Amino acid sequence: MLTQSQHKILNEIDGSSVRNWKDWKWQLRHCIKDLDTFETLLDIRLPETLRRQFKLIVEKFPMSITPYYLSLIDTEDLENDPVFKQSFPAINELDVQSTDMSDPLHEDRDSPVPGLTHRYPDRVLLLISNTCAMYCRHCTRKRRVGDRDTIPSREQIMKGIEYIRDTPQVRDVLLSGGDPFLLSTDYLDWILIELKKIEHVEVIRIGTRTPAVLPYRITDELVEMLKKHHPLWINTHFNHPRELTASSRAALRKLADAGIPLGNQSVLLSGVNDCPRIMRSLVHKLVANRVRPYYLYQCDLSEGLSHFRTPVGKGIEILESLIGHTSGFCVPTYVIDAPAGGGKIPVMPNYLISWSTNKVVLRNYEGVITTYKEPDSYEPTFCDRNCKDCNLQLSLEDAGEFRAVGIEKLLADYDDTIALVPRNNDRHRRRG
């Protein structure tokens, strides 16, 4: 079933069937990129000031909205609508401040090969697409939007994979872009196969916004392909409760039923979700759909995002409204992705008030102040780097669960023992 708005948009575009509406490729072919189409499909007329500004903005930062996401816009309250604000260009985007940067996270500078960022010791970011279903107005990689010169080729992706193969400390690979799910299923399968061939790669993660802006991309074919590549983790990107529609929930259900752990990375956006009540509703809806709130990002210092940025104190206030007031797994980690490639820095409310040699003083979410008694006789293990003589158990392999003893060894199919021989057997001693 489609909503009234979706039926109207579908009929205006080409009058095709509901089946076409739910075809992700049809959605991409009919992305809204110009003002006249935007107004026609929503049956509105924007104020003249917005219409004049539109051309100036899209010359620098293009617009692209899927018909699906367009259908979620509340035309009765455009000025305050969170879907409209995330998808339609605003004149504030041309306000580039002195602190704004085209690449605030130094992803390009920390790139040993094109399209790959190696910032943390054991993990890398591999950009495999610069195509998105929608151009989010708050995108930290706005410098790449619409730039066909930055679309990674198969050869470039292979160079990134070769770097990972030659760098054994890399155990975790994050695939991002653009949106990896905008690649064909076969092409994404090829990338995952190549990565799975690398023995030291333990985990592959995929970052995608499609469940929020193009949920029909989560097809049965895609999910069946992804199931072949466990352990695979997916992080999606919902910023507001209204984005969790019936279609989005169906997409998330398919991924979760396939055994894929799901996380969500929200961006704190002024006028969109900078409200404790909104964020609490969002995290509750996420966990109800088996999505763990992972990060709440402070908006980056990318060009033209100053109107989206909030004070850091607003993020702290939101966390104060969540910690203790809802389930612990509903609370994301609030982070600032530090400029100049400093990485993600957690910013949390302070619950440790003071401490001494024997006690720490703590407060809880209610304001209750309490103490925790430190141990009187703790003797730390002194590490002289001589692991051979360490008193800690340094065997880091999995504990054996199938250790047969005695006659069980001879009966067990998983044990190759064919005989039990007593120690100091005379016959064996005679063998010398």
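User: Okay, patches are made of residues with over 30% relative accessible area and no salt bridge, joining like charges within 9 Å and nonpolar side chains (Val, Leu, Ile, Met, Phe, Trp, Tyr) within 5 Å. Which residues gather in a patch of negative charge?

Analyst: Asp74, Glu76, Asp77 and Glu79, on the surface. Asp and Glu count as negative, Lys and Arg as positive, with His and chain ends not counted; each charge sits at NZ of Lys, CZ of Arg, CG of Asp or CD of Glu. A salt bridge needs a Lys or Arg side-chain nitrogen within 4 Å of an Asp or Glu carboxyl oxygen. Areas are Shrake-Rupley, with a 1.4 Å probe and only the protein chains shown as cover. This is a predicted model: local features need pLDDT of at least 70, side-chain atom pairs 80 or more, while totals for chains, interfaces and linings use all residues. Numbering runs from 1 along each chain as its sequence is written, and side-chain values use heavy atoms, without hydrogens or water.

User: Where's Asp77?

Analyst: In the loop between helix 6 (67-70) and helix 7 (82-87). Helices are DSSP runs (H or I, at least four residues), numbered from the N terminus. Asp77 is partly exposed, at 32% (buried is under 20%, exposed over 50%, partly exposed in between).

User: New topic: how many aromatic pairs?

Analyst: Nine, counting Phe, Tyr and Trp (six-membered ring) centres within 6.5 Å; planes under 30 degrees apart are stacked, over 60 edge-to-face, the rest tilted. Phe38 and Phe84 are tilted, at 6.2 Å and 50 degrees. Phe38 is in helix 4 (residues 35-42) and Phe84 in helix 7, so their pair ties together parts 46 residues apart in sequence.

User: Are those two buried or exposed?

Analyst: Both Phe38 and Phe84 are buried. They also form one aromatic cluster with Phe54 and Phe88.

Key
Helix = DSSP H or I, 4+ residues; strand = E, 2+ residues; numbered from the N terminus. Buried < 20%, exposed > 50% of the residue type's maximum accessible area, 1.4 Å probe, protein only.
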